[in-house]
Amino acid sequence: MNVLPYIPAANVRQLFINLNEIVRKLGRDLRIRFISLRMVAVFAAVAITLIGGVGRDSTIYVATAAIYLIVVTFLTGMFLASRLTRPLTYFAVLDAIFVACVLYEHILGTPITNDHGLTTAGLVIPFILLSHIGMNLSSRLIVIFSAIVLTAWVTMLGLMAFRHEIGEPGTFLDAFFDLDLGLALSFGFAAISTCLLAMDHSRTRRRVLKIDRWRHNLARFFSPLVVAHLQEAGNALDLKRRPAAIMFVDLRDFTSYAETAPASQLAGVLAEYRRLVAGTIFAFGGTVDKFIGDGVMAVFGQPTAAEDDAERALDCAMELIALLNEWKPLSDSDGSVFHVGIGLHYGTIIGGVLESGYHDEFTVIGDAVNVAQRLESLTKDLGASLVVSSALLTQTQKGTLTGPWIWKNAVALSGRRFPIDLAFLPRESILPQPMQAPSGHPEIGNGAARKAASVRQPESPS
């Protein structure tokens, strides 16, 4: 009875989809793939063995093939049940013993008067199983398999030549150095080539894993684009002068919070904060130079400068203010609220690997770094979330500065000889009325803090 007409078409389609998914999953399972390829090689070897036994004592060939299949099936079951600690080694040894048995039947298993040369079928088996062992790309397995086969092969040729020597003295060398020895040496050469390929693959794999670990370590401090650049440009680590935007980020009142917070809670809050800040910096193409407690130093323009470093730094600072103002640490059950202070400056830095003899550091140094740190410290005195130098603002290309910015001219910085002009955002995100900028600076209008990262080239302040 044909039941297909009674099965909905949708169910049939789903059945084929499920079968296709099962096939794809089996294909992705390395163990299933390995066993499938192995069984193909085994059945090919057994079939060739039986074909090669035609015209000879077929009982021996059938028995050899049957025993080999039984042991292979048993070991395969143990392998699938995960009860073998080194399954591939067992398979390699078993295959080598099987090849040795086939070679024995061709070389020593017949009377000396008979033709004891290898047939084409007998010659193919060692190379088929060598190819299968080589697919594991393990030089150890290739050495185990080929050493057993080659030792057995040459030993049997020596015994065969010795039998000739007993029957006809003086024929040992002629009987030993014949075509069969050349075939054995060809197998040895193929085994060496396969082993060298496997060793090269292992070296390449180790190199890739090392590079991957290196990338992972760099990714903790640099954005993916910067990591890729560091891989391609080896001289990017050398100390060089270049323009860059420097950012210092600090959490207000975190020190007093740390005095009373439990250690686990403190560590959790700090980890959340660092992930948030570092992720945002990376998203804008910056690099984390270092973490200093609850402070973060970031650089835009390391390891190479770009035209939009200042713009991306300012955008990143505005994004950080918006995110941290809304941030409520999941690790803090007390609902603590933190304010952020950010200082931004643009100038010439010296960036690269700074050697110390014991602890080398990939960092930036210079006056621009000191100025950015001083600007971050000013956020406390000014009651500001962000303080930006006019040197950075002149580098942006967006047009008009909007938002509740306040300008200050000729501000003296601690430890610095020359004052600088700066603009800052008060801790309140929006002021009620627009403020007029001093003469020589861009106009200030209303706008959301997150969008306040636009500026045109200002004139020199009067």
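Predicted model: local features only at pLDDT ≥ 70, side-chain atom pairs only at ≥ 80, totals over all residues.

Visitor: Okay. How many helices and strands are in the protein chain?

Guide: The count is 14 helices and eight strands.

Visitor: And what share of the residues is buried?

Guide: Of the 462 residues in the protein chain, 43% are buried. The chain exposes about 24600 Å², with 61% of that supplied by carbon and sulfur atoms. As for contacts with a separation of 6 or more, 70% come from residues 24 or more positions apart.

Visitor: Let's zoom in. Where does His345 sit?

Guide: His345 is in strand β4, which covers residues 339–354.

Visitor: Is His345 buried or exposed there?

Guide: Buried: its relative accessibility is 8%, and the cut-off for buried is under 20%.

Visitor: What does the His345 side chain make a polar contact with?

Guide: The side chain of Ser389, at 2.7 Å. Leaving out residues up to four places away in sequence, His345 also touches several others, including Ala244, Ile246, Val371, Leu375 and Leu392.

Visitor: Switching to Leu239, where is that one?

Guide: In the loop between α9 (224–232) and β1 (240–252). Leu239 is partly exposed, because its relative accessible area of 43% falls between the 20% and 50% limits.

Visitor: Which residues does Leu239 touch?

Guide: Not counting residues up to four places away in sequence, Leu239 touches Ile350, Gly351, Gly352, Val353 and Leu354. Leu239 and Ile350 are 111 residues apart in sequence, yet their C-alpha atoms are 6.2 Å apart in space.

Visitor: Now helix α11. How does its span fit what you'd expect?

Guide: It agrees: α11 has 21 residues (263–283), so at 1.5 Å a residue it should span 30 Å, and its end C-alpha atoms are 30 Å apart.

Visitor: Which residues of α11 are buried?

Guide: Among them are Gln265, Val269, Leu270, Glu272, Tyr273 and Phe282.

Visitor: What happens just after α11?

Guide: Gly285 takes a positive phi there, about 80°.

Visitor: Last one, the surface. Which residues make the nonpolar patch of about 280 Å²?

Guide: Ile67, Ile70 and Val71 make that patch. Ile67 lies in helix α3, residues 58–80. Ile67 counts as exposed because its relative accessibility is 55%, and exposed means over 50%.

How values were computed. Residues numbered from 1 in each chain as written. Heavy atoms only, no water. Helix = DSSP H or I, 4+ residues; strand = E, 2+ residues; numbered from the N terminus. Buried < 20%, exposed > 50% of the residue type's maximum accessible area, 1.4 Å probe, protein only. Polar contact = N/O pair within 3.5 Å; in protein donor to acceptor, adjacent residues only side chain to side chain. Contact = heavy atoms within 4.5 Å. Patch = residues over 30% accessible without salt bridge, like charges linked within 9 Å, V, L, I, M, F, W, Y side chains within 5 Å. Areas by Shrake-Rupley, 256 points an atom, 1.4 Å probe, with all protein chains shown as cover. Salt bridge = Lys/Arg side-chain N within 4 Å of Asp/Glu carboxyl O. Expected span 1.5 Å × (residues − 1).
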